[in-house]
Amino acid sequence: MTLRHSTTRRFVRTVVTALVIMLPATACGQTTPSRPSDLPAPAIPREFRAVWVATVDNMDWPSRSGLSTAAQQRELLAILDTLVALRMNAVVLQVRPAADAFYDSKLEPWSSYLTGEMGRAPSPYYDPLAFAITEAHKRGLELHAWINPYRAQYSARRPASQTHISRTNPDLVSQYGPYLWMDPGRAEVRAHTEKVVADLVTRYDLDGIHMDDYFYPYKEIVRGRELDFPDAATYAAYRRGGGTLSRDDWRRHNVDQLVQELGGQIHRIKPWVRFGISPFGIWRPGNPPSVRGLDQYTELYADARRWLREGWVDYFTPQLYWAIDRPNQSYPVLLRWWQEQNLHGRHLWPGNYTSKVGMRGSGHWSVDEVIDQIRATRAQEGATGNVHFSMEVFMKNADGLNDRLRRDVYQSPALVPATPWLDRRVPAAPIVTPRSDPSSGDVVLDLALGAGELPPWLWVIRSRSESGWTTEIVPGTAHTRRVAVRGAPLPELHVTAINRVGTSSAETRVLPRR
């Protein structure tokens, strides 16, 4: 124990006297201790709460292409502030919709969804991804960069810039239905995607890299005929080179290689950056037995179960876009099956089609459906969060969705679950020094870690008063925090530091001197 009295010549009218104690931050029940130092604060919830912010075709942001820099930034700040108000803790921002960039890249052109013309930078210039990361982190939100690994253009009718891969390496790109698509069978395509991801992870302070469900494309039907993906020449070259896999197995192997190599590459560059994938929600019909629907294994050539069973990802977000009572695609039935495949204990954060609340007609969901799905996730052992598609429904607060979430399931803040397999170190307990502000009668906490310690990602400040506990989650860049006491006695405070993989330090307690 260390007794610290803070009395300065400037603060002669107000003196803070506190007892600072450092103790392990063990979990506990809700029992109120008989003395302030009996027990640590109640455990704070651990739950990933995120929303996909889609930029392709200006779905969520920016609202239209060609907006001014100031307008783009205002819209993005409104999104981030809405997430904070909803007590979310992460944003999954689409930064590479189709071999283009929502950031300053020397590898791919500026996205046309930003400025209206592929390759044209925002004016006045800014880097949207750098801006988004800075503003998200200011608010204590993680930012995961969402990429599409193979789609080269969302609409083949849009003009491509001279620096787009369809112009610089046209032999790697084919038209498939309305899209341009890179050929996953070409080693150069895999190398290009990995180079793009390495550039993102190296240059930006990201918390995660996130891939969606587009690997080989969903089947296109033209005049009643199913189009085959145009990779016959690539497969023939593979066979001439001694390859023995069937074409379907070869296609799956191509995707497997990318998934396995990306995870390793990301962690070599920055070990704390998590790698996640959000595949289609059904692996194969009949798995589990009641499930029917699209077979991603044979149609998208995505062996998503293998990626999870092998532990190639840090988190897994199957798109469980069906209602709880849907007989052949039941949300909790599929969630339980995916958890049974989770042999390495990776994070399981299912995706929810929350935008159905904003739909009309047969596709409409009630808010109760979304809330029940969140509760079903919490009831499934091993599932620790949800990712909602997409941001537009929250910006409209459709059917009072935001109000119900805050009232029924997101009443208090939550920390992202820790990822200890990426970093086993435990942060040091915070050094907390209370001092007085004579102008307001409040207490200011000076927050620090010891010399040589890595900066924290977050501070968690728990305050205990006669009415109970309150929790505040503060960005780790903050060095001070004001406690509004207005001259009243300092409440009991418990402060912990959280590192980049979510691991918590021991508690430092600031107790009023009695």
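**Aromatic groups**

I began with the aromatic side chains of this predicted model. One cluster takes in Tyr154, Tyr179, Trp181, Tyr214, Tyr218, Phe280 and Trp322. I then looked up the total for the structure, which is 29 aromatic pairs.

**Asp231**

Tyr216 came up again when I looked up Asp231. Leaving aside neighbours within four places in sequence, I found Asp231 in contact with Asp183, Tyr216, Arg247, Trp250 and Arg251. I placed Asp231 in the loop between strand 11 (225-226) and helix 6 (232-240). Is Asp231 buried or exposed? Its relative accessible area is 0%, so I noted Asp231 as buried.

**Helix 5 against helix 7**

Next I turned to helix packing. Two packed helices are described by the angle between their axes and the distance between the axes. I took helix 5 (residues 187-203) and helix 7 (residues 247-269) as one case. Their angle is about 25°, and their axes are 10 Å apart. Helix 5 passes helix 7 in a right-handed crossing.

Which residues make the contact? From helix 5 I listed Arg190, Thr193, Glu194, Val197, Ala198, Val201 and Thr202. From helix 7 I listed Gln257, Leu258, Glu261, Leu262, Gln265, Ile266 and Ile269. Sorted by class, the contact of helix 5 with helix 7 has 7 nonpolar, 4 polar and 3 charged residues.

**Helix 11 against helix 13**

Helix 11 (residues 367-379) and helix 13 cross at roughly 35°, and their axes come within 10 Å. The crossing of helix 11 and helix 13 is right-handed. On the helix 11 side I noted Val367, Asp368, Val370, Ile371, Ile374 and Arg375. They meet Leu401, Arg404, Leu405 and Asp408 in helix 13. What is the make-up of this contact by class? The contact of helix 11 with helix 13 has 6 nonpolar, no polar and 4 charged residues.

I went on to two loop residues. Phe389 lies in the loop between strand 16 (385-388) and helix 12 (391-396). Its relative accessibility is 17%, so Phe389 counts as buried. What does Phe389 touch, not counting residues up to four places away in sequence? I found Trp52, Met59, Trp146, Tyr321, Asn352, Tyr353, Thr354 and Ser355. I also took a distance: Phe389 and Leu422 are 33 residues apart in sequence and 27 Å apart in space, C-alpha to C-alpha.

Ala429 is in the loop between helix 13 (401-408) and strand 17 (431-437). At 17% relative accessibility, I counted Ala429 as buried. From Ala429 to Thr115 the C-alpha separation is 47 Å. Along the chain these two are 314 residues apart.

**Backbone checks**

Ser123 and Pro124 are joined by one, with omega about -5°. Pro124 lies in the loop between helix 2 (112-115) and helix 3 (128-138). The bond from Asn287 to Pro288 is also cis, with omega near 0°. Pro288 lies in the loop between strand 12 (274-277) and helix 8.

Asp57 has phi near 60°. I placed Asp57 in the loop between strand 3 (48-53) and helix 1 (69-85). Its relative accessible area is 43%, so Asp57 is partly exposed. Ala99 has a positive phi of about 55°, although it is not a glycine. Ala99 lies in the loop between strand 4 (90-96) and helix 2. At 1% relative accessibility, I recorded Ala99 as buried.

Conventions
Residues numbered from 1 in each chain as written. Predicted model: local features only at pLDDT ≥ 70, side-chain atom pairs only at ≥ 80, totals over all residues. Heavy atoms only, no water. Axes fitted to C-alpha atoms, helices over the stretch in contact; angles between N-to-C directions. Helix = DSSP H or I, 4+ residues; strand = E, 2+ residues; numbered from the N terminus. Left-handed = near helix turned anticlockwise from the far one by under 90°. Contact = heavy atoms within 4.5 Å. Nonpolar A, V, L, I, M, F, W, Y, C, P; charged D, E, K, R; others polar. Phe/Tyr/Trp six-rings, centres within 6.5 Å; stacked < 30°, edge-to-face > 60°. Buried < 20%, exposed > 50% of the residue type's maximum accessible area, 1.4 Å probe, protein only.
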